[in-house]
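Hi everyone, thanks for making time for this one. Let's take a look at the structure together, and then I'll walk you through it.

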Amino acid sequence: MNASRPLRPSSLADLQALVGQDIGPTDWFEVTQAAINAFAYATGDHQWIHVDPERAAASPLGTTIAHGLFSLSLGPGFSGQLISFENFAHSLNYGYNKVRFITPVPAGSLIRMRVTVTGVDAVPGGIQLQLVQTFERDGSEKPVAVAEALARLVEQPTP
C-alpha cells in the first residue's frame with residue numbers, strides 16, 4: 001500500500017476485509033534532536049540520554065536517542081497516512097494492549113511505520129479495531145517498536 005494513497009474503509013465489512021493485511025509503510029520521518037527536545041519539554045522527561053548530546057556521546061550508544069514514547073506517539077499520524085477514517089462519523093484512539101520498545105532511535109534517524117489489522121469487532125456503540133503497529137528505523141534489521149493499538153469507530157448513520 002502506497003503511503004500517499006491511504007485506504008478509505010467506510011463500514012464494519014470494509015474493516016473486516018482488511019484483517020490480516022500488511023498496510024504500509026508510511027513515509028520516512030526524521031527524528032531530529034530538536035523534536036526530541038520538544039518531546040522532553042512537553043512530557044517533562046529530560047533524562048540525559050535524550051537531551052544531553054555531550055554526555056550521550058560518551059555513553060555506549062554514542063549519541064542521544066528518542067524517548068520510546070516519542071516513537072509510539074507518532075502512531076496516530078502515521079496511521080493517517082495508511083488508513084483514513086473520514087468515512088466514519090468519528091474515530092478515536094482507545095488504547096494499547098501491549099507495547100515493546102525493541103531498538104533505540106538515535107537522533108537523526110529516519111523511522112516509518114506499517115500496520116497489520118488483527119481484529120475488527122462490533123461493540124456497543126461502534127466498532128473496535130485492533131492493529132499491530134510496527135515502527136522501523138532505516139538501517140536497522142530489528143523494529144524500533146511494536147504496539148498492539150486499539151481504535152474505536154462509529155459508522156455514519158444510515159438515512
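A quick word on what you are seeing. This is a predicted model, where local features need pLDDT of at least 70 and side-chain atom pairs count only at pLDDT 80 or more, while totals for chains, interfaces and linings use all residues. Residues are numbered from 1 along each chain as its sequence is written, and side-chain values use heavy atoms, with hydrogens and water left out.

Now the overall picture. The protein has six helices and six strands, and from the N terminus on they run α-β-β-α-α-α-α-α-β-β-β-β. Helices (H or I, at least four residues) and strands (E, at least two) are DSSP runs, numbered from the N terminus. Along the principal axes, the C-alpha atoms fill a box of roughly 60 × 30 × 25 Å. Of the 159 residues, 39% count as buried; buried means under 20% relative accessible area, exposed over 50%, and partly exposed in between, with a 1.4 Å probe and protein chains only.

The largest pocket has a volume of about 220 Å³, and of the 17 residues that line it, P76, S79, F85, N93 and A151 are the closest to its centre. On a 1 Å grid over the protein atoms alone, a pocket is an open set of points where a 1.4 Å probe fits, with protein on both sides within 12 Å along at least five of seven lines, and lining residues have an atom within 4 Å of a point. The volume is the space filled by probe spheres set on the points. Strand β3 gives the most to the lining, with five residues.

Next, the inside. In soluble globular proteins, nonpolar side chains tend to be buried together. Here the largest nonpolar core holds 30 residues, and L15, I83, V117 and L129 touch the most other members. The largest share of this core, five residues, comes from β4. A nonpolar core is a set of buried Ala, Val, Leu, Ile, Met, Phe, Trp, Tyr and Cys residues joined through side-chain atoms within 4.5 Å. Leaving aside neighbours within four places in sequence, L15 is in contact (heavy atoms within 4.5 Å) with P9, F85, F88, V117, V120, I127, L129 and L153.

Finally, the aromatic rings. Rings of Phe, Tyr and Trp (its six-membered ring) pair if their centres lie within 6.5 Å; planes under 30 degrees apart count as stacked, over 60 as edge-to-face and the rest as tilted. The count comes to five aromatic pairs. F39 and F70 have ring centres 5.5 Å apart and planes at 70°, so they are edge-to-face. This pair links helix α2 with helix α5, 31 residues apart. F39 is buried at 17% relative accessible area, and F70 is buried at 5%. F85 and F88 also pair edge-to-face, 6.2 Å centre to centre with 70° between the planes. And ring pairs link F29, F39, F70, F78 and F135 into a cluster.
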